[in-house]
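Here's a quick walk through one protein model, from its overall layout down to a few residues. Have a look at the fold first.

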Amino acid sequence: MKSGVLAVANQTTFKDGRGKTRNVTDLRGAANGLFVAMIVSLLFLVLLRFTAGILFWIFIFGVTGIIGYGIWHCRWEYDHLKGIPGSELTVSGAGFQTDLRVHLQLRQTWLAFMVILCGAEVIIILMLIFLRNGILIAIALCL
């Protein structure tokens, strides 16, 4: 306090990053908001500590489920385009197209997507199989 006015480092006004003069009471309001954000963040970290294992497994099963759905959808599109004129054209036969929707009308595109997703799914499942002990140890360390 400097003669009844709140002061920081013997100053009652400061310039902000935009060159505008601010009063110490403005800083006090911002500090109170920062304190609330800090408390909420701390609560989030404490809750995350106790739910880390559950969240990890939800995330892993969610990713494998989404990739599995992607494989199913690619297979459905691949089968759906069977017999449609022009869908048997190869990607190189379609040439360079700026409109990517042209490639989505080709069976070969959906087959390529399906192969890529199958590869990703196999890699994730193999990693889970071979790294499960390490994953379980890491989750136990969070608790």
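## Ground rules

This is a predicted model, so to speak: local features need pLDDT of at least 70, side-chain atom pairs count only at pLDDT 80 or more, and totals for chains, interfaces and linings use all residues. Residues are numbered from 1 along each chain as its sequence is written, and side-chain values use heavy atoms, with hydrogens and water left out.

## Overall layout

The protein has three helices and two strands; these are DSSP runs numbered from the N terminus (helices H or I, at least four residues; strands E, at least two). Along the sequence they come in the order β-β-α-α-α.

Of the 143 residues, 15% count as buried (under 20% relative accessible area; exposed is over 50%, partly exposed in between, with a 1.4 Å probe and protein chains only). Among contacts (heavy atoms within 4.5 Å) with a separation of 6 or more, 46% link residues 24 or more positions apart.

## H1 against H3

Helix H1 spans residues 24-80 and helix H3 residues 107-142; they pack at about 165°, axes 9 Å apart. Axes are lines fitted to C-alpha atoms, for helices over the stretch in contact, and angles run from 0 to 180 degrees between N-to-C directions. H1 and H3 are therefore roughly antiparallel (over 145 degrees; under 35 is roughly parallel, 65 to 115 roughly perpendicular, the rest oblique).

By class, the contact of H1 with H3 has 21 nonpolar, five polar and five charged residues. Here Ala, Val, Leu, Ile, Met, Phe, Trp, Tyr, Cys and Pro are nonpolar, Asp, Glu, Lys and Arg charged, and the others, Gly among them, polar.

## The nonpolar core

Which residues make up the largest nonpolar core? Seven do: Ile67, Ile71, Cys74, Tyr78, Leu81, Trp110 and Met114. (A core is a set of buried Ala, Val, Leu, Ile, Met, Phe, Trp, Tyr and Cys residues joined through side-chain atoms within 4.5 Å.) H1 and H3 are the elements giving two or more residues, and H1 has the largest share, with four.

Beyond its neighbours within four places in sequence, Tyr78 contacts Arg107, Trp110 and Leu111.

Leu117 sits in H3 and is partly exposed at 24% relative accessible area. Leaving out residues up to four places away, Leu117 touches Ile67, Gly70, Ile71 and Cys74.

Val63, in H1, counts as partly exposed at 25% relative accessibility. Val63 and Glu121 are 58 residues apart in sequence, with their C-alpha atoms 9.0 Å apart.
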